[in-house]
Amino acid sequence: MKTLVVGLGNPILGDDGVGWKVAEKVYLQLSPDQSIIVDCLSLGGISLMEHLIGYDRAILIDAFAADEDLGSIHVMKLNDMPDYSAYHISSAHDTSLQNAIEMGRSLGAYLPEDIMVVGIATHRIYDFSEALSPPVVEAVPQAVKIVLELVQQNVMAR
Amino acid sequence: MQRISIDPITRLEGHGKIEIFLDEQGNVANTYFQIPELRGFERFVVGRPIEEMPLITNRICGVCPEAHHMAASKAADAVYKVDPPRAAKMLRELLYSAFYCTDHTTHFYALGGPDFVMGPDAPVAERNILGVIHKVGLEIGGKVIQMRKYGHTVVEMIGGRKVHPCTSIPGGMTKGITEEQRQEIETMGRWAIEFAQFSLKLFNDIVLGNKGYVDLILGDVYTHHTYYMGMVDENNKVNFYDGKVRVVDPNGKEFVKYAPQDYAEHIAEHVEPWTYLKFPYLKKVGWKGFVDGIDSGVYMATPLSRLNASDGMATPLAQEQYEKFYATLGGKPVHQRLATHWARLIELLYAAERWVELVTDPEITSANIHTKPTQIPTEGIGIVEAPRGTLTHHYWTDERGVVTKANLIVGTTNNYAPIQMSTHKAATSLIKNGNVTEGLLNMVEMAFRAYDPCFGCATHSLPGQMPLEITIRDVDGNPVEVLKQFC
């Protein structure tokens, strides 16, 4: 079973880079295993879907824009997340990931059924900085632990 | 007074929303379009070596990192006063042409196209790329993905990485391409030409063959008479990578043609108290407000304006389409903003042809791809045409090449005033006597979608959506109705 772990975000936009930080630490703690690939990307929608092609499952780590305590962690299935776009564009430049996956599947691409999302609540994502806010820094070890546990699960909940 | 608020990004106060104020009769009095600004870039780059700018600035944006990579590389060349060898410039432009094919393809099929293929009144659930695939056929989706794949492959081959290229440095490139790679890139480029022609035929059949769509494009709602900006080569033909910036007036007459280093003589920025972002305008015409006409310094920098600002396309097939474009739409310049979608497809064809032109140049596999900088670094400006408009990078350094100051004018910023005007006009045409039509959201969206604006680069954080919210407020400012959709 091929698994892709992706840190999403922009590493120079403050807390938006938390997905990368978590993914980098996950990579260092994983024993070498050709069936588990760890990557860091600043993409969404169609571009992200293109990276998921060929994997059996995927774990996405991203900043979560929410009015909650900084650093709180949410784990959810992509299928359970609301497709806010209602099949419409999700940004000025792309489709939602759910929409893109449906498009990929309709074109015959092999895409993971199991896509888990680990979101870390952030607020400060419009300021150029390579540093995370202290509460977000503190959330990183716990997020790493969650991702490693997800990676180890042989069969993910559907 | 009623107040209508369209809020694309609700999660941070003061960022990215449209507010429409109605007068006592319920008609539009004012419209304000606020774009979020990413803060602190200058502070972020000060103290870093200029060589890092092509790598760091391509992280500004996940949509067009290649454009920032190229503008920063050209600015870094200028800082070191070094002229890269011809092969290095061609490699950069080849990478950039492939990127353009990817970017323009995505915009047409995923964003702009659905309004025309499905129709502007189609349900939201169908007005997207999935709807296009279902209506026109699976083959279309396969071609779109293939075009994107080829574009990514060329960027990776030349740029060293699939998404954020890293091979342009002051004085040229760190690596070239082999003859084997050249042949592969040529094959992909020839396919891209066919794909671009296919896309133009699709546009011709579906859009131009439909009188309703042609009337929509030519209608007054989406028309503004402004100045137009675009980069041109020595023959005044469109060029994305290099040349001079040419501006034509609303009658199509050349107003100015300037070299990158002179941009500050021609571009000034107007400040409004209600938005973080500044409004660039033509300094020698002056700021007269958000108004059309030859006396207003408002200019536009988009695919449509690049065609308007040029005397043609430098490649034969794109030139044919350029001539057809102006013959169909009534001559130069074309002021109808929705024609930008057609102009974008003509640029797609040009980019594909240029791709093949560059990769078949005998010098493209040359090993001479870097000129070693020997001068003391000082200050430099680099300009390229990003898909969304003219992109200017300006850096000042100390004698060690450490950045002391930076200034960027990005594609969307050029178009801030025209987008504001188009949004206002769309709202004005739709809201009469307090009645907000159901089509308002999409008609307003269509007004700014033609410009392909880039709101910011953090929008991929979860939930990764850009909700549009219209809040209609009564005379006391209290909300009486909220319309919401995600776009």
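Reader: Which residue in S8(B) does B:Val247 stand opposite?

Author: B:Val247 stands opposite B:Val256. This is a predicted model, where local features need pLDDT of at least 70, side-chain atom pairs count only at pLDDT 80 or more, and totals for chains, interfaces and linings use all residues. Residues are numbered from 1 along each chain as its sequence is written, while chains are lettered from A and ligands numbered from 1 in the order in which they are written.

Reader: OK, in what sense do S7 and S8 of chain B pair?

Author: Antiparallel, over four bridges, with S7 at residues 244–248 and S8 at residues 254–258. Strands here are DSSP runs of E, at least two residues, and helices are runs of H or I, at least four, numbered from the N terminus. Two strands pair if DSSP finds at least two bridges between them.

Reader: Which residue in that hairpin takes a positive phi?

Author: B:Gly252, near 90 degrees; the hairpin has five residues between the strands.

Reader: Switching to helix H5 of chain B: which residues are buried?

Author: B:Ile129, B:Leu130, B:Gly131, B:Val132 and B:Ile133, in a helix covering residues 129–136. Buried means 20 or more other C-beta atoms within 10 Å of the residue's own, with C-beta atoms placed from the backbone.

Reader: What covers them?

Author: The cover includes H3 (97–106) of chain A, plus H4 (86–117) and H6 (138–159) of chain B.

Reader: And what follows H5(B)?

Author: B:Gly137, with a positive phi near 125 degrees.

Reader: How many helices and strands in chain A?

Author: Four helices and five strands, running β-α-β-α-β-β-α-β-α from the N terminus.

How values were computed:
Buried ≥ 20, exposed ≤ 12 C-beta atoms within 10 Å, placed from the backbone. Contact = placed C-beta atoms within 7 Å.
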